[in-house]
Amino acid sequence: SGLRRRGTEKGRSTGPMSTHPIDIVIPWVDGSDPVWQADHAKYRASKSADNHPARYREWGLFRYWFRGIEQNAPWVRKVHLLTYGHLPAWLEPDHPKLHIVNHRDFIPEEYLPTFSSHTIELNMHRIPDLAEHFLYFNDDVYLMKPSQPEDFFRDGLPRDTAVMGVIKNNDTANFMPYIMLNMMALVNMSFDKRSVIRQNFGKWFYPGYGKGLLYNLYLLPWGDFTGFRNYHSCVSFCKSTLEEVWDRFPEVLDATCRHKFRDRADVNQYLFRYWQLASGRFAPKKPDSTYLTIGKQSESEVERLLRGGKYRVVCVNDDPMDFDFDTERQQLVDIFQRTFPQTSAFERS
């Protein structure tokens, strides 16, 4: 086995896709909410924390996320909307597929209040009535093309792209490389890389990976995993994977959840994805997403990426950068309105 110190392997499922309902989990925060702001102001972030306003600001684009789901994934069983307590004024809370979940409904009390996406992500398996098979979206990740369940799960296995990478850092202010290293330590403590790849060779050298195959070939001689390529897309998860990792590393996940803000000592939901890759409990797929950073691309380039039809999933990332917020926001609203002009049933009539 590739597992050095084997945990349980519960939740492995096979069979036709139609037997597996698929849910979506989507967290959302409105950093302009005065109640949220008052609670947020009670806590001071450490020097190693990430508490930039860009992490919480509201772009007015969330209705288009719902339009994309209704138009492109009508087969989804439930959308679990995770919220601090506030909701968009336009949202129809009684939509039969919508499950509004307050943080206190699933996050243990000792971790609340939290202003860290990591705490929210690490506790997703505790959401009441969450299906075993679910897609995790951030609210800046949009489903842009008509999709089928088989695009995300095959024979009960999450579909993913197993491409190795190298964790890099070019600035001591960078936040994510530290978190990635924390998670790779846990993966390499738990799995033997050579055994993993030998037992799942066809999943690591799947022709659909394209140039990703060169990364895997180049990094094959390294004794341990040096990292995995992240795609800023929605992620297909089995709920039992989260339960398994909690069983294995309760102290590590607990320590992350006790940080009020994201911290470079943390782990995050990518750990669950890496666990699925290293355990071989995934079905390979061709990369089908792209990523753009607000303020870096021209309006025409943004429109091409969002409306060009090439990518199933597009991440519209808000990084701490200097740009005119109101101008960029209006441009994005206009593009999304052209892309998804039809009001969804998730919006109040």
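**Figure 1. Leu253 and the side chains around it.** In this predicted model, Leu253 touches Leu122, Val245, Trp246, Val267, Leu271 and Phe272, leaving aside residues up to four places away in sequence. Leu253 also turns up, with Val187 and Trp204, among the residues that have the most contacts inside the largest nonpolar core, a set of 50 residues. Quite a few elements give two or more residues to this core: helix 4 (117-122), strand 5 (133-136), helix 5 (176-190), helix 6 (193-199), strand 9 (235-238), helix 9 (239-248), helix 10 (250-257) and helix 11 (270-279). Helix 11 supplies the largest share, with 7 residues. Apart from this core lies another one, of 41 residues, and Ile69, Leu81, Leu305 and Phe346 are among its members.

**Figure 2. Helix 10 and its buried face.** Here we stay with Leu253, which is buried in helix 10 along with Thr256 and Cys257. Looking down the axis of helix 10, you'd find these buried residues within an arc of 100°, so they line one face of the helix. What do the buried residues of helix 10 pack against? Their packing partners are helix 4, helix 9 and helix 11. A salt bridge can be picked out here too, where the side chains of Asp254 and Arg258 meet at 2.9 Å, N to O. Arg258 is partly exposed, at 46% relative accessibility.

**Figure 3. Helix 8, one side in and one side out.** Helix 8 covers residues 212-219, and its buried residues are Gly212, Asn216 and Leu219. Seen down the helix axis, they fall within an arc of 80°, so they line one face of helix 8. Which residues sit on the face turned away from that buried side? Leu214, Leu217 and Tyr218 do, and they are exposed. The cover over the buried residues of helix 8 includes helix 6 and helix 7 (201-204).

**Figure 4. Strand 9 next to strand 5.** The side chains of strand 9 go two ways: Val235 and Phe237 point one way, Ser236 and Cys238 the other, and all are buried. Strand 9 pairs with strand 5 in the antiparallel sense, over 4 bridges. To find your place in the pairing, look for Leu135, which stands opposite Ser236 of strand 9.

Figure 5. Strand 12 and strand 13 run parallel and are joined by 5 bridges. One handy landmark is Thr290, which stands opposite Val314 in strand 13.

**Figure 6. Arg312 and Asp151, a buried pair.** The side chains of Arg312 and Asp151 meet in a salt bridge at 3.2 Å, N to O. Arg312 lies in the loop between helix 12 (299-307) and strand 13 (313-317), and Asp151 in the loop between strand 6 (141-143) and strand 7 (153-154), so the pair ties together parts that are 161 residues apart in sequence. Are these two partners buried or exposed? Arg312 counts as buried at 15% relative accessibility, and Asp151 counts as buried at 18%. The pair belongs to a network of salt bridges with shared partners, which joins Asp151, Lys285, Asp288 and Arg312.

Figure 7. Another salt bridge brings together the side chains of Arg77 and Asp129, at 3.6 Å, N to O. Arg77 lies in the loop between helix 2 (62-72) and strand 3 (79-83), while Asp129 is in the loop between helix 4 and strand 5, so the pair ties together parts 52 residues apart in sequence. Arg77 is partly exposed, with a relative accessible area of 29%. Asp129 is partly exposed as well, at 46%.

**Figure 8. Stepping back to the whole chain.** The protein has 13 helices and 13 strands. Of its 349 residues, 54% are buried. Among contacts with a separation of 6 or more, 80% are between residues 24 or more positions apart.

Note on methods
Residues are numbered from 1 along each chain as its sequence is written. This is a predicted model: local features need pLDDT of at least 70, side-chain atom pairs count only at pLDDT 80 or more; totals for chains, interfaces and linings use all residues. Side-chain values use heavy atoms; hydrogens and water are left out. A nonpolar core is a set of buried Ala, Val, Leu, Ile, Met, Phe, Trp, Tyr and Cys residues joined through side-chain atoms within 4.5 Å. Buried means under 20% relative accessible area, exposed over 50%, partly exposed in between (1.4 Å probe, protein chains only). Contact means heavy atoms within 4.5 Å. The arc is that of the directions from the helix axis to the C-beta atoms. A salt bridge is a side-chain nitrogen of Lys or Arg within 4 Å of a carboxyl oxygen of Asp or Glu. Two strands pair if DSSP finds at least two bridges between them.
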